[in-house]
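Please consult the sequence and the structure shown below while reading.

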Amino acid sequence: MKHRMKIILASASPRRKELLEQIGIPFEVLVSHVEEKVTSVRPGQVVEELSGQKAEAVLGLLEEGDALVIAADTVVALEGRILGKPADTENAVEMLRSLAGKTHQVYTGVTLLYRRGEETARKVFHEKTKVHFYPMTEEEIRSYAASGEPLDKAGAYGIQGIFARYVRGIEGDYNNVVGLPAGRLYQEAKEWLESEESGNF
């Protein structure tokens, strides 16, 4: 499929890049480094809000021309409390301690901004996946935290890495936990991707 428009991923996450490549969407990466401001406390709304801010900022950086901007934000929620990326190793230990042996939710919000000529269209959605963890010993928690793997990940773990040994199961989209609900993203963006072929907005 040839695209006349630019497709931009507003994220430096290697995991999101891999997922977009996996579903066959050609793209460039442009990160906004926008200062994030949250007005909501509900996880689904928080990730939608943050992904929207990233998408708007990146669209503002682009020169004229047709573009599809894809932005995402992921958080972990445990009993109503939002867990983002840990500040340091000790913070990662605390997060993992709170998650061990329990069930939590992973929310990823996605904003799609499609600009064609003078018009811009927007789609915003979020996916929720339940994740069940096995109990972990203090030694297991500290060993994983010390590996450095948790430091750039919401909730202080990466389901696609060695931490898979502590995951009892999930309910929902696995890719959503990795950082991007790839299937839903494609379905939501499909009409715009196909409209590039037909010339319709």
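Leaving aside neighbours within four places in sequence, serine 98 is in contact with Leu78, Arg81 and Leu83. The model is a predicted one.

**Serine 98**
- Serine 98 belongs to helix H3, which spans residues 89–99.
- Serine 98 has a relative accessible area of 14% and is therefore buried, since buried means under 20%.
- A polar atom of the serine 98 side chain lies 2.6 Å from the backbone oxygen of methionine 95.

**Aromatic pairs**
- The structure contains six aromatic pairs.
- In one of them, the ring centres of phenylalanine 133 and phenylalanine 163 are 4.9 Å apart and the planes meet at 55°, so this pair is tilted.
- This pair links distant parts of the chain, 30 residues apart: phenylalanine 133 is in strand S6 (residues 119–133), whereas phenylalanine 163 is in the loop between helix H4 (138–146) and strand S7 (167–171).
- Phenylalanine 163 also forms a tilted pair with tyrosine 157, with 5.2 Å from centre to centre and 35° between the planes.
- Ring pairs join Phe133, Tyr144, Tyr157, Phe163 and Tyr166 into a cluster.

- Phenylalanine 133 and phenylalanine 163 are both buried.
- Phenylalanine 163 counts as buried because its relative accessibility is 0%.
- Tyrosine 157 counts as buried because its relative accessibility is 4%.

**A charge over a ring**
- Lysine 123 lies over the face of tryptophan 192, 5.1 Å from the ring centre.

Technical notes:
Residues numbered from 1 in each chain as written. Predicted model: local features only at pLDDT ≥ 70, side-chain atom pairs only at ≥ 80, totals over all residues. Heavy atoms only, no water. Phe/Tyr/Trp six-rings, centres within 6.5 Å; stacked < 30°, edge-to-face > 60°. Helix = DSSP H or I, 4+ residues; strand = E, 2+ residues; numbered from the N terminus. Buried < 20%, exposed > 50% of the residue type's maximum accessible area, 1.4 Å probe, protein only. Lys NZ or Arg CZ within 6 Å of the ring centre and 35° of its normal. Polar contact = N/O pair within 3.5 Å; in protein donor to acceptor, adjacent residues only side chain to side chain. Contact = heavy atoms within 4.5 Å.
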